[in-house]
Amino acid sequence: MEQLLAVRDDDRSEPELAGAHSHVASCEACQGELDRLHQRTARLRALPTMAPARNHFPAVRTRWQWERNQRRIRMVSGMFTAAAAALLLSLVGRDLMNPPRLDAEQQLQTAIDASQQLEATLHAWDPAQRVVDGRTARLVVVIEDRIAQVDGRLQDAARLEHAERVQRQVELWRERVGLMNALVDVHVTQVSNVDL
Amino acid sequence: MTRVLTMDVLSPTEADAVVARARLGDPVALEALYRTYSTGVYSLARRICRTTEDAEDVLQETFFEVCRSIRTYRGDGSIWGWIRSVASSKALMRLRRNKYRATDELNDELAPARGASTALRMDLEAALDRLSDTARAVVWLHDVEGYTHEEIGTQMGRTASFSKSQLARAHQRLRGWLGDEAVVA
């Protein structure tokens with residue numbers, strides 16, 4: 001049958017099919033089969049077309065439009081999300097790249113607060129009522145002298161112009177915080193090798 | 001040798017105009033395509049699928065795909081050729097999804113022995129329906145729709161040889177079931 005179909009379809013793609021063509025041309029029985037095959041094929045093609053019982057397009061259109069709307073919504077929401085993400089990144093990213101800096105006044109206040117906190121800690125410790133060795137006592141005197149010098153410079157700085165004054169005060173108060181830290185260490189922990 | 005079913009409701013010029021509007025998403029143009037080609041699609045689907053429900057599903061799936069993808073139609077061939085290829089693909093997909101293979105084997109067993117004395121004479125449609133789904137699809141796509149064995153093999157995920165052997169087996173069976181067909185000179 002495969003060879004008969006090849007003859008019907010004029011298929012000569014394989015060498016043995018050429019033999020089939022010549023055989024059918026000379027064989028009455030095979031010609032009869034070929035005729036039946038042609039006839040059957042013609043009958044297949046003549047079978048009536050069939051129409052759907054109802055119009056399915058409304059259902060198709062509804063589904064298509066729904067999908068198209070969903071796609072648009074996804075696209076718009078995707079664009080909105082991308083825009084929001086870009087905006088957020090530009091804001092947050094800028095802060096990440098350049099972390100906000102405290103202005104000079106805030107830095108000054110922070111240093112004053114830290115110094116006062118250390119003063120309070122030292123006061124609560126009440127060093128005057130404690131016995132210290134001679135080495136520690138000498139160290140305390142050195143630190144207190146340094147603090148007094150800083151306080152003097154702070155008074156001098158008060159006479160400077162605002163911008164310069166604040167900047168100078170910040171430096172001095174930070175230095176004072178460092179010295180106060182050292183004083184607390186010496187009193188509380190009897191540290192004898194404070195790094196001045 | 002092969003017949004290509006043509007839809008002559010729309011002239012080529014009309015078809016071009018309708019397709020151009022359909023590509024822009026015009027629902028009226030898409031409905032015009034449906035009205036023109038739905039019978040061809042349904043016929044093809046009904047010949048390949050076993051039930052009207054499946055054929056109707058294939059019809060809907062086909063035109064849904066047409067609505068969705070008509071912008072990808074480049075106009076290389078006729079619009080009917082493009083829609084028909086979508087339809088045959090959907091119909092074959094439906095066959096695979098329904099897993100008719102088990103039923104196919106059963107139907108093959110029901111086939112009467114060729115040359116039996118009580119040759120079963122039956123209507124061509126009934127004989128076609130008696131074929132396995134794969135064989136029936138191959139017969140219809142090749143002998144009626146005009147697809148080549150290479151195209152059928154590709155659509156079925158098989159080879160051209162598979163399509164050829166399916167067609168030969170199918171005709172063998174049809175020959176047996178239909179008995180001695182009168183040869184019209």
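Modeller: A polar contact is a pair of N or O atoms within 3.5 Å, one able to donate a hydrogen and the other to accept it. The model discussed here is predicted.

Biologist: How many residue pairs are in polar contact between chain B and chain A?

Modeller: The pairs are counted where both residues have pLDDT 80 or more. Between chain B and chain A, the count of such pairs is 13.

Biologist: Which helix of chain B gives the most to the side that touches chain A?

Modeller: Several helices of chain B each supply at least two residues to that side, among them α3 (52–69) and α9 (160–178). The helix that gives the most, with 11 residues, is α2(B).

Biologist: How do the residues on that side of chain B divide into nonpolar, polar and charged?

Modeller: On chain B, 46 residues are in contact with 40 residues of chain A. Those on the chain B side divide into 14 charged, 11 polar and 21 nonpolar.

Biologist: Which residue of chain A forms a salt bridge with Glu61(B)?

Modeller: The two chains have five salt bridges between them. A salt bridge needs a side-chain nitrogen of Lys or Arg within 4 Å of a carboxyl oxygen of Asp or Glu. For Glu61(B), the closest N and O atoms are 3.1 Å apart, and the partner is Arg63(A).

Biologist: What area is buried between chain B and chain A?

Modeller: Carbon and sulfur atoms give 59% of the buried area. The area itself is about 4200 Å².

Note on methods
Residues numbered from 1 in each chain as written. Chains lettered and ligands numbered in written order. Predicted model: local features only at pLDDT ≥ 70, side-chain atom pairs only at ≥ 80, totals over all residues. Heavy atoms only, no water. Contact = heavy atoms within 4.5 Å. Buried area = accessible area lost by both parts, 1.4 Å probe. Polar contact = N/O pair within 3.5 Å; in protein donor to acceptor, adjacent residues only side chain to side chain. Helix = DSSP H or I, 4+ residues; strand = E, 2+ residues; numbered from the N terminus. Nonpolar A, V, L, I, M, F, W, Y, C, P; charged D, E, K, R; others polar.
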